Amino acid sequence: MVTPKRAYEETFRCPGGALCLDFCNSGQGIRGSSKEEWIAGYGDLIDWLKAGQAIGAAQAARLRAAEDRAPEKAREVWTRAIELREALARVLLARTEGRKAQAADLKTIDAEYARSAPFARLAPTDEGFAWSLDPAAEALDAALRPIVESAVALLTSERLARLRRCGNSTCYWLFIDETRNCSRRWCEMASCGNVMKVRRHRARQRAA
């Protein structure tokens, strides 16, 4: 039996280049005409983090158990996660448009970074060391740590200069342009790229 596809899987089919960008892109449904929330609850958030390899299976199971014990608190954490996503998306979209980020949005990101700090652990990597989520953490708030950690890392890195938004005006997809000459314009050529090609072709036909 084939498992039904989850809407948020689009974020991994067309990755943005950072976990925080994939999370922002999970808001594509609610920002678009369908008004569909791709991450519709705390359980979806945990499933998304696990699918994105931000947490392991054992930790996902512990966080789901924590949700079962405190469903109201889990919903409050999910609400904050969506607020964080939208604040971060506004900050990043402003960056792509050369606008100044709103202080309230930066405050939201800063608050979640501070709130999730107790769940961070310094771990060795091939390049040196990096902050990561404590694999033993099972508090509901711990789920936000990988996202906000990725966000702060991107916002304070040189990679931010390569941040782009899809060139389709109805698409809010954010990504890091990894092309050598910084020429990437679309979330993916097969979808928005082709849509815009068709629009230009029809506009030329009307003009002729």
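I begin with Cys-182, which is partly exposed at a relative accessible area of 32%. By the convention used here, buried means under 20% relative accessible area, exposed means over 50%, and partly exposed lies in between, with a 1.4 Å probe and protein chains only. Please keep in mind that this is a predicted model, in which local features need pLDDT of at least 70 and side-chain atom pairs count only at pLDDT 80 or more, while totals for chains, interfaces and linings use all residues. Residues are numbered from 1 along each chain as its sequence is written, and side-chain values use heavy atoms, with hydrogens and water left out.

Cys-182 sits in the loop between strand S4 (174–176) and helix H9 (189–207). Helices (H or I, at least four residues) and strands (E, at least two) are DSSP runs, numbered from the N terminus. The phi of Cys-182 is positive, near 50°, in a residue other than glycine. Most residues other than glycine have a negative phi.

Where is Gln-53 found? Gln-53 belongs to the loop between helix H4 (42–51) and helix H5 (57–69). Although Gln-53 is not a glycine, its phi is positive, at about 60°. Gln-53 counts as exposed because its relative accessibility is 73%.

I turn now to a helix pair. The axes of helix H6 (residues 71–96) and helix H7 (residues 103–116) come within 8 Å and cross at roughly 130°. Axes are lines fitted to C-alpha atoms, for helices over the stretch in contact, and angles run from 0 to 180 degrees between N-to-C directions. H6 is therefore oblique to H7; angles under 35 degrees count as roughly parallel, over 145 as roughly antiparallel, 65 to 115 as roughly perpendicular, and the rest as oblique.

On the H6 side, the contact (heavy atoms within 4.5 Å) involves Arg-80, Glu-83, Leu-84, Ala-87, Leu-88, Arg-90 and Val-91. From H7 come Asp-105, Leu-106, Thr-108, Ile-109, Glu-112 and Arg-115.

Finally, the chain as a whole. The protein chain has 9 helices and 4 strands, in the order α-α-α-α-α-α-α-β-β-α-β-β-α from the N terminus. Of its 208 residues, 42% count as buried. Among contacts with a separation of 6 or more, 59% join residues 24 or more positions apart.
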